[in-house]
Amino acid sequence: SYLRTDKVWDVVESRSDLLDPHGIWDEVSLARPDVVIHLAALVGTKDCDEVPGVAISTNVEGTFRAAHAAVAVGARIVYFSSSAIYLPPALGGDFPLKETSPISTTTRTIYGMTKLWGEQVARKYVPASDLVVLRPAMGFGGAESVSAHLETALAEALDVLPEFFYHVDPNPIADEQCHFRRQLTTKVALRQAARARGEMLK
C-alpha cells in the first residue's frame, strides 16, 4: 500500500468549467471529497497577458468557487499557486527561491498576480488547518520528472507515500492536454481547453 494510514483514497477527476458558477459546486457537493486538489488554471505569462479578464475569472474567481465548495463539504484543499508570485532574481529576488523569498509587489505578471490573489482568496475562506498552498516553479507530467521537494510536500499533504504518484493511470492524459508539453506545436484551442480543466498530472 502507498498510504501512510489505513484510509483508502478514491480519486475523482473534475471536468467542470471554473467559469461556470455552479459547475465545481455541483461536482464537489456530489462527490463530497476529503481533499480537493485545485490544479485548474489559465497558465503562462503570454496567454494571461493576452486575455487578462479570462485569467482573473479562471484563476481568482475559479479558486474562490473551488475553496467555497471544499469548505461547504468539510474538505481540505491543496491549492497549486506558482513561483511566479516571487520577486525575480534579476530584480533582487532570491536564487534559489525559498518560501521566505520576497513576493513581488510591482513587477509581477498578470499570471503571477492572479496566482497570488488565488492564494489570498483561499486563505480568506479556508481554515488554515485545511489549506495547503504549493508554489511550484514548473508543472510536471508526462516525461518530466518532479522535484523531490515538491513530491515530498504533496505526499505529506495527502498523507500518502511518494510511490503513490507512480501508480499507472489507466486513462493517461494525451500529450496535448498537459500544461507544459508541446506548448509551441499544440493548437491554442486544445491547450486552452486542457488548461481550463486543470489536466496537468497523470
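These questions and answers cover a predicted model, from its nonpolar cores to its salt bridges.

Reader: How many residues does the largest nonpolar core have?
Author: Among the residues with the most contacts inside this core are Val-28, Ala-70 and Leu-131. Val-36, Ala-75, Ile-77 and Val-126 belong to that group too. The size of the largest nonpolar core is 14 residues.

Reader: Which residues does Ala-70 contact, leaving aside its neighbours within four places in sequence?
Author: Ala-70 is one of the residues with the most contacts inside the largest core. Sequence neighbours within four places are left aside here. The partners of Ala-70 are then Val-28, Val-36, Ala-75 and Ile-77.

Reader: How many residues are in the second, separate core?
Author: Leu-39 and Phe-80 are among its members. Leu-150 and Leu-154 are also included. The second core is made of twelve residues.

Reader: Is Val-36 buried or exposed?
Author: Val-36 is found in strand 1 (residues 35-38). Beyond four places in sequence, its contacts include Val-28, Ala-70, Arg-76 and Val-78. The cut-off for buried is under 20% relative accessible area. At 11% relative accessibility, Val-36 is therefore buried.

Reader: What distance separates the C-alpha atoms of Val-36 and Ala-67?
Author: Along the chain, Val-36 and Ala-67 are 31 residues apart.

Reader: What is the accessible area of the nonpolar patch formed by Leu-19, Val-51 and Val-54?
Author: This patch is on the surface. Its member Val-54 lies in helix 3. Val-54 is partly exposed, at 38% relative accessible area. Together, Leu-19, Val-51 and Val-54 have an accessible area of about 200 Å².

Reader: How far does helix 4 reach from its first C-alpha to its last?
Author: Helix 4 (residues 110-125) has 16 residues. At 1.5 Å a residue, 22 Å is expected. The model comes close to that, and the helix reaches 23 Å.

Reader: What do the buried residues of helix 4 pack against?
Author: The buried residues of helix 4 include Tyr-111, Leu-116, Val-121 and Ala-122. Gly-112, Thr-114 and Lys-115 are also among them. These buried residues pack against helix 2 (45-50), helix 3, strand 2 and strand 3 (131-134).

Reader: Which residues does Ser-83 touch, not counting residues up to four places away in sequence?
Author: Ser-83 is found in the loop between strand 2 and helix 4. Ser-83 is buried, with a relative accessible area of 16%. With sequence neighbours up to four places away not counted, Ser-83 touches Leu-97, Arg-135, Pro-136 and Ala-137.

Reader: How many salt bridges does a search of the whole structure find?
Author: One of them joins Arg-123 and Glu-119. Another joins Arg-135 and Glu-119. The search of the whole structure finds five.

Reader: What is the N to O distance in the salt bridge of Glu-61 and Arg-65?
Author: Both residues lie in helix 3, four residues apart, about one turn of the helix. Residues three or four places apart point the same way, because an α-helix has 3.6 residues a turn. Glu-61 is partly exposed at 37% relative accessible area, while Arg-65 counts as buried at 16%. Their side chains meet with an N to O distance of 3.7 Å.

Reader: How far apart are the closest N and O atoms of Arg-123 and Glu-119?
Author: Arg-123 and Glu-119 both lie in helix 4, four residues apart. Arg-123 is partly exposed at 47% relative accessibility. Glu-119 is buried, at 0% relative accessible area. The closest N and O atoms of this salt bridge are 2.9 Å apart.

Reader: Which residues are linked with Glu-119 in a network of salt bridges?
Author: Arg-135 and Glu-119 meet at 2.8 Å, N to O. That pair links distant parts of the chain, with Arg-135 in the loop between strand 3 and helix 5 (148-158) and Glu-119 in helix 4. Arg-135 is partly exposed, at 24% relative accessible area. The residues linked with Glu-119 in the network are Arg-123 and Arg-135.

Technical notes: Residues are numbered from 1 along each chain as its sequence is written. This is a predicted model: local features need pLDDT of at least 70, side-chain atom pairs count only at pLDDT 80 or more; totals for chains, interfaces and linings use all residues. Side-chain values use heavy atoms; hydrogens and water are left out. A nonpolar core is a set of buried Ala, Val, Leu, Ile, Met, Phe, Trp, Tyr and Cys residues joined through side-chain atoms within 4.5 Å. Buried means under 20% relative accessible area, exposed over 50%, partly exposed in between (1.4 Å probe, protein chains only). Contact means heavy atoms within 4.5 Å. Patches are made of residues with over 30% relative accessible area and no salt bridge: like charges are joined within 9 Å, nonpolar side chains (Val, Leu, Ile, Met, Phe, Trp, Tyr) within 5 Å. Accessible areas come from the Shrake-Rupley method with a 1.4 Å probe; for residues, only the protein chains shown count as cover. A salt bridge is a side-chain nitrogen of Lys or Arg within 4 Å of a carboxyl oxygen of Asp or Glu. Helices (H or I, at least four residues) and strands (E, at least two) are DSSP runs, numbered from the N terminus. The expected span of a helix is 1.5 Å times one less than its number of residues.
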